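Dear colleague,

Please find the structure below for your review. A summary of the findings follows it.

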Amino acid sequence: MAGTMAATEVTDFPERPFSALSGGERARVAPARVLAQRVPLLLLDEPAADLDLRHQERVLRICRERAAAGDGVVLHDLGLAAAYADRVAVLHEGRTVVDGPPAEVFEDGLLRRVYRQPVEVLAHPRTGAPLVVPVRDAGEPRSAARNAHPGLTSA
């Protein structure tokens with residue numbers, strides 16, 4: 001457990017009540033608690049939710065190490081699966097539609113049908129890993145979409 005705590009950077013938290021932790025610290029504790037359990041199958045629902053970029057990467061690196069050691073790691077975030085998984089399965093209506101390496105499985109037509117959402121699947125410019133991007137405001141120029149929502153800005 002100490003190794004997982006160090007890897008997820010929560011070693012300073014055990015002396016503090018959970019209620020005294022900040023929102024970001026609580027978000028770091030949640031995956032650390034799961035990853036500290038030595039179970040052969042991890043079912044992860046949004047393991048990187050509410051984590052900053054550094055801690056998202058740390059948690060997913062641990063998941064990849066666990067998978068390489070033979071544990072099963074299941075998550076439903078397509079972007080994380082594409083970036084970290086060697087093998088993925090797409091389920092639809094309770095059945096496996098296709099499985100294999102993300103670059104072979106993640107195809108925009110298939111994902112559009114399964115998720116009922118237009119997507120584009122692009123190759124990452126450096127790694128080649130698939131990037132699954134929802135199509136937003138289809139047919140509307142970006143400037144028009146931005147002007148329609150003047151309060152939206154990027155960080």
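The model is a predicted one. A residue is taken as buried when its relative accessible area is under 20%. Arg-66 has a relative accessibility of 4% and therefore counts as buried. This arginine belongs to helix α3. Leaving out residues up to four places away in sequence, Arg-66 touches Leu-35, Gln-37, Arg-38, Val-39, Leu-42, Asp-71 and Val-73.

The nonpolar cores come next. The largest has twelve residues: Ala-27, Leu-35, Leu-42, Leu-44, Ala-48, Leu-51, Val-59, Leu-60, Ile-62, Cys-63, Leu-80 and Tyr-84. At least two residues of this core come from each of α2 (23–36), β1 (41–44), α3 (53–68) and α4 (78–84). Helix α3 provides the largest share, with four residues. Val-59, a member of this core, is in contact with Thr-8, Pro-31, Leu-35, Pro-47 and Leu-51 when neighbours within four places in sequence are set aside. A second, separate core holds eleven residues, among them Leu-78, Ala-82, Val-105 and Val-119.

Helix α2 also deserves a note. Its 14 residues should span 20 Å at 1.5 Å a residue, and the C-alpha atoms at its ends are 20 Å apart, so the two values agree. The buried residues of α2 are Glu-25, Ala-27, Arg-28, Val-29, Pro-31, Ala-32, Leu-35 and Ala-36. Their cover includes α1 (2–7), β1 and α3.

With kind regards

Definitions and conventions. Residues are numbered from 1 along each chain as its sequence is written. This is a predicted model: local features need pLDDT of at least 70, side-chain atom pairs count only at pLDDT 80 or more; totals for chains, interfaces and linings use all residues. Side-chain values use heavy atoms; hydrogens and water are left out. A nonpolar core is a set of buried Ala, Val, Leu, Ile, Met, Phe, Trp, Tyr and Cys residues joined through side-chain atoms within 4.5 Å. Buried means under 20% relative accessible area, exposed over 50%, partly exposed in between (1.4 Å probe, protein chains only). Contact means heavy atoms within 4.5 Å. The expected span of a helix is 1.5 Å times one less than its number of residues.
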